[in-house]
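Reader: I am new to this structure and would like to learn how to read it. Please take me through it one feature at a time.

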Amino acid sequence: MADKQHLETLAIRTQTERSSQREHSTPLYMTSSFVFNDAEQMRAMFADELEGNIYSRFVNPSVKEFENKMALLEGGEDALATASGMAAIFNSMAALLNAGDHVVACRSLFGSTHTVLTKFLPKWNIDHTYVDIKKQSNWEAAIKDNTKMLIIETPTNPTLDLVDIALVSDLCKKHNVLLLVDNCFATPFIQRPIEFGADIVVHSATKYIDGQGRGLGGVIVSTKAIMKDIKAFCRSTGPSMSPFNAWMFSKSLETLSLRMEKHSSNALELADWLIEIEDVVDVYYPLLKTYHSYNLALKQMSLGGGIVTFEIKGGVERGRSFLDAIEVSSLTANLGDSRTIVSHPSSTTHAKLTEEERLEVGIVPGLIRVSVGLEHINDIKKDILRAINNSK
Ligand SMILES: Cc1ncc(COP(=O)(O)O)c(C=O)c1O
């Protein structure tokens with residue numbers, strides 16, 4: 001019956017079995033281990049003959065509830081929660097890749113994913129090729145005989161380029177390559193990559209899933225067969241999510257659909273308004289009619305999401321002055337919060353790249369990223385307009 005329900009209902013009504021205390025809201029199982037009735041039950045559970053709670057590095061009811069919700073929301077068969085988004089990404093790669101394998105990825109990737117691919121995977125002789133996603137025809141050329149996994153983010157950070165998930169998934173099936181999608185910017189209420197053929201979906205739960213900037217977490221969703229390999233790896237290597245964070249994220253999922261609608265409507269209104277502002281050179285937002293991938297956005301996204309990026313005249317110095325002139329929004333290294341966050345990628349998150357590398361992924365000196373929050377849109381606009389005017 002449960003799979004016939006709508007996502008909003010599943011996000012609310014998927015809950016750990018009620019305990020003898022008859023609680024309404026889900027309880028928190030803040031325990032590192034579980035007790036056995038007798039030696040035989042203990043033996044059988046350790047031997048995998050009996051399913052059940054043993055130790056919270058393997059399984060915990062609060063974590064399981066969050067995992068069950070995420071598997072249902074993404075349309076996967078199983079899920080594993082991890083301590084952070086990066087733990088979800090790294091452990092998916094480490095569990096499924098072998099020495100000598102090759103990975104294809106979109107060039108504009110989250111910074112730490114880029115670091116894993118370029119600095120750490122080479123230690124195990126795992127190589128990668130980046131693809132410029134503006135040229136969709138380049139994907140197939142990058143696939144080699146030893147390519148095992150293709151990794152994409154869509155929309156990308158911070159330029160909000162889109163990858164055609166169905167197109168890339170067809171290529172992956174043709175070449176027997178696993179497709180991993182980081183769905184952090186969209187969330188399953190806006191985009192469900194498994195419906196378009198993705199094999200693995202990962203999230204940083206730290207972002208919209210939490211939605212209030214409180215805790216770190218991640219999740220991997222896939223088929224039972226793939227999750228079996230990932231779980232076996234993680235059971236021993238230990239990137240587990242804390243039960244407290246899982247409880248918090250599970251409660252947050254109850255309001256995710258409403259929050260994504262509001263983030264998206266605020267963001268669309270902001271993007272439309274920014275186009276008319278003097279000193280704004282360009283505005284990037286998937287559901288702007290002038291956006292280069294508008295049709296693709298309509299095909300695979302139900303809303304535009306909460307991130308708007310724009311270019312302000314005046315380069316790096318103007319970008320920094322803009323941040324200094326902000327009064328209400330936050331200058332912080334996060335996104336997907338109820339509070340609006342502004343950042344200047346050239347001088348912060350992407351400062352370690354060379355100018356040429358930044359331009360390759362579309363990060364021009366005056367680029368500003370806004371993670372549009374849930375405040376009243378007129379207050380967000382007022383703060384941004386004041387900062388544009390006061391940074392001249
Ligand atoms: C797209 C994307 N993927 C992964 C991550 C990593 O997540 P975490 O910080 O939870 O490890 C982030 C963090 O900003 C992100 O933006």
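Author: Start with contacts: two residues are in contact if their C-beta atoms, placed from the backbone, lie within 7 Å. In the chain, residues 24 or more positions apart account for 74% of the contacts with a separation of 6 or more.

Reader: What kind of model is this, and how are residues numbered?

Author: This is a predicted model, in which local features need pLDDT of at least 70 and side-chain atom pairs count only at pLDDT 80 or more, while totals for chains, interfaces and linings use all residues. Residues are numbered from 1 along each chain as its sequence is written.

Reader: How many helices and strands does the chain have?

Author: Helices (H or I, at least four residues) and strands (E, at least two) are DSSP runs, numbered from the N terminus. The chain has 14 helices and eleven strands.

Reader: What does the radius of gyration say about the chain?

Author: The radius of gyration is taken over C-alpha atoms, and the globule rule is 2.2 Å times the number of residues to the power 0.38. For 392 residues, a compact globule would have a value near 21 Å, and the chain agrees with this at 22 Å. Along the principal axes, the C-alpha atoms fill a box of roughly 75 × 55 × 35 Å.

Reader: What share of the residues is buried?

Author: A residue is buried if 20 or more other C-beta atoms lie within 10 Å of its own, exposed if 12 or fewer, and partly exposed in between; the C-beta atoms are placed from the backbone. Of the 392 residues in the chain, 47% are buried.

Reader: How is a helix read, taking α10 as the case?

Author: An α-helix has 3.6 residues a turn, so residues three or four places apart point the same way. The expected span of a helix is 1.5 Å times one less than its number of residues. Helix α10 (256-274) has 19 residues and reaches 26 Å from its first C-alpha to its last, close to the expected 27 Å. Its buried residues include L256, M260, H263, A267, L270 and L274. Among the elements that cover the buried residues of α10 are α1 (7-13), α9 (243-253) and α14 (377-390), together with strands β8, β9 (307-312) and β11 (367-371).

Reader: Is β7 enclosed or open, and which strands pair with β7?

Author: Two strands pair if DSSP finds at least two bridges between them. Strand β7 (residues 218-222) has five of its five residues buried, so it is largely enclosed by the rest of the structure. G218, I220 and S222 lie on one side of β7 and V219 and V221 on the other, and both faces are covered. Strand β1 (residues 78-82) pairs with β7 in the antiparallel sense over five bridges, with T82 opposite G218. Strand β6 (residues 200-204) also pairs with β7 in the antiparallel sense, over four bridges; here V201 has V221 as its bridge partner.

Reader: Which peptide bonds are cis?

Author: The bond from T154 to P155 is cis, with omega near -5°. N157 and P158 are also joined by a cis peptide bond, with omega about 0°. P155 is in the loop between β4 (147-153) and α7 (165-175), and P158 is found in that loop too.

Reader: Where do D48 and D279 lie, and what is their phi?

Author: D48 is not a glycine, yet has a positive phi of about 60°. D48 is in the loop between α2 (39-46) and α3 (61-74) and is exposed, with 7 other C-beta atoms within 10 Å. D279, also not a glycine, has a positive phi of about 80°. D279 lies in the loop between α10 and β8 (280-284) and is partly exposed, with 16 other C-beta atoms within 10 Å.
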